[in-house]
Amino acid sequence: TLAVSSGSFSPNRWVKLNVGGQIYTTTIDTLCSREPDSMLARMFLQDGSMKPSEKDEQGAYLIDRSPRYFEPIINYLRHGQFVCDANVSVIGVLEEARFFGIYSLIAHLEERLGQQEEPHSDRPLT
Amino acid sequence: TLAVSSGSFSPNRWVKLNVGGQIYTTTIDTLCSREPDSMLARMFLQDGSMKPSEKDEQGAYLIDRSPRYFEPIINYLRHGQFVCDANVSVIGVLEEARFFGIYSLIAHLEERLGQQEEPHSDRPLT
Amino acid sequence: TLAVSSGSFSPNRWVKLNVGGQIYTTTIDTLCSREPDSMLARMFLQDGSMKPSEKDEQGAYLIDRSPRYFEPIINYLRHGQFVCDANVSVIGVLEEARFFGIYSLIAHLEERLGQQEEPHSDRPLT
Amino acid sequence: TLAVSSGSFSPNRWVKLNVGGQIYTTTIDTLCSREPDSMLARMFLQDGSMKPSEKDEQGAYLIDRSPRYFEPIINYLRHGQFVCDANVSVIGVLEEARFFGIYSLIAHLEERLGQQEEPHSDRPLT
Amino acid sequence: TLAVSSGSFSPNRWVKLNVGGQIYTTTIDTLCSREPDSMLARMFLQDGSMKPSEKDEQGAYLIDRSPRYFEPIINYLRHGQFVCDANVSVIGVLEEARFFGIYSLIAHLEERLGQQEEPHSDRPLT
């Protein structure tokens, strides 16, 4: 079954993530391999540094973030490429990369946006 | 479970919103922290100023608004940035920001649209 | 519950519409207030001029039209603004406005398309 | 109920189509009226020329084609207009019009693409 | 029923694929005919070269890849055309074509991108 027990994870186990209401299906291996210091890796590596989030009624881990901008993040974790459609906001993806702590992708996106420090992100509107 | 009791809310509880037929999953904390005077905050802060709306059959709070233009609103409440894809109507997002009373975002969007008073919105077509 | 009894409707009752396979959630009030002569208003005002359509297995009223171009229609009924993303066909929305009989919106869209008579729509391809 | 018995169809009966994994809801009348020689019409006219396809577990007829490019096809069958968003590939829609045998639409799309013979489609890549 | 037994497949059987959380419905014939050496063909041809992946709780085969860029892949397997909307990243589709081993499509996309060797893909960011 897809549900992952709350004990220890086997790396190739399938997990469901509920990102802001949309379900993403992936594996523990995808979440943990490419960027072992990321929030997602720490949630599922079970090294004690971070607990997985609560699950919804269908067993998907709840993440209170944008599903739209999570898509390039999870694809990046799958194959190591940043791929993004022309009409998708790169700043939106960078915001998620920072939240999840995907450091190699943050560096790539900041370079792409032509700025080391992203002023928008350091000074929230509110 | 995800369903929130109708009594008092704990700030980090998960809630589902049914916005015009699409489900968004988020937390009470996201809805209430950034803009405590907004309609969403008052619905869930339980200070008596506004009752939460009815729930659908899966326990999601019903909101009779556009799901498409709600997405940048909920993302703004999550991280304080206005992020919007190139093909999404900013006027559409402003309309929702006004409905939900997200004042800091209204100011930002009106400035972005280069006008203090948005004439379209003061004079509905009908 | 969300299902609406087939007797008389209370104006702020919630309804589900199944438009071409996609579910839209809204209220009787939204469907009936802004344009009382529209097909949607007559379906739900229960004045005897039109019967509501059949319901699907989850209680949503079946409407055999495009969900994509219905979205700006229902948003217009919600707040009186025509809001449309840059890549969405205005001719597609006009087609639906004509089907549903949203007269104020038809006039606005015809003006926007810069023509009083929309030749495409008077002469179907077949 | 929405499920259509395998015997003879009543023209205004509702049907569900599962096109490549996405559900479209429409009526027998829409599928059969505008283009009576099309594959969809022959599937549902029950004249013996073609059997309806298998159904999925929720009673939707299975069609192994692209849902994205089917959308303008079903809209055309509904109202006789070809309506297509700016970013949608017209070649993709033509491919589906040919598969389903919507001859009036094929002619219109070929003219629109400025070519009588569409070379791409006569010479598949493989 | 749609579920495919784990024994031997009949070529025109329907299968469901869960690609990164989105369900695609297709046939064994589509997956195996056009490109018999592809990963998908080997998974379902049952020649012993590759086992089908695990199934989710609704019987769909789990594939840990991007649903967005899988869409042009499955359409290509259906009809032999590469069809892609203007705003969809061709590099994203190429990445999937390589993963699934759709060799005729890889060649076509590399030519289209104007380069024999796609540098991005040979040097992942991490």
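**Chain interfaces and helix packing**

In the predicted model, the side chains of B:D85 and A:R68 meet in a salt bridge, with an N to O distance of 3.0 Å; a salt bridge is a side-chain nitrogen of Lys or Arg within 4 Å of a carboxyl oxygen of Asp or Glu. Because the model is predicted, local features need pLDDT of at least 70 and side-chain atom pairs count only at pLDDT 80 or more, whereas totals for chains, interfaces and linings use all residues. Residues are numbered from 1 along each chain as its sequence is written, chains are lettered from A and ligands numbered from 1 in the order in which they are written, and side-chain values use heavy atoms, with hydrogens and water left out.

Across the interface of chain A and chain B, four salt bridges are found by the rule. This contact (heavy atoms within 4.5 Å) takes 26 residues from chain A and 28 residues from chain B. About 2100 Å² is buried between chain A and chain B, with 48% of it on carbon and sulfur atoms; buried area is the accessible area (1.4 Å probe) that two parts lose on being put together, summed over both.

The contact of chain C with chain B takes 28 residues from chain C and 24 residues from chain B. The area buried between these chains is about 2100 Å², of which carbon and sulfur atoms give 48%. C:W14, C:Q81 and C:D85 supply 28% of the area that chain C buries against chain B, more than any other three residues. Four salt bridges are found across the interface of chain C and chain B. The side chains of C:R78 and B:D64 also meet in a salt bridge (2.8 Å, N to O).

Within chain C, helix α4 (residues 90-100) and helix α5 (residues 103-112) have axes that come within 9 Å and cross at roughly 155°. Helices are DSSP runs (H or I, at least four residues), numbered from the N terminus; axes are lines fitted to C-alpha atoms over the stretch in contact, and angles run from 0 to 180 degrees between N-to-C directions. α4(C) and α5(C) are therefore roughly antiparallel to each other, a term for angles over 145 degrees. In this packing, C:V90, C:V93, C:L94, C:A97 and C:R98 of α4(C) meet C:L105, C:I106, C:L109, C:E110 and C:R112 of α5(C). By class, the contact has seven nonpolar, no polar and three charged residues, where Ala, Val, Leu, Ile, Met, Phe, Trp, Tyr, Cys and Pro count as nonpolar, Asp, Glu, Lys and Arg as charged, and the others, Gly among them, as polar.

Conventions
Helices (H or I, at least four residues) and strands (E, at least two) are DSSP runs, numbered from the N terminus. Angles under 35 degrees count as roughly parallel, over 145 as roughly antiparallel, 65 to 115 as roughly perpendicular and the rest as oblique.
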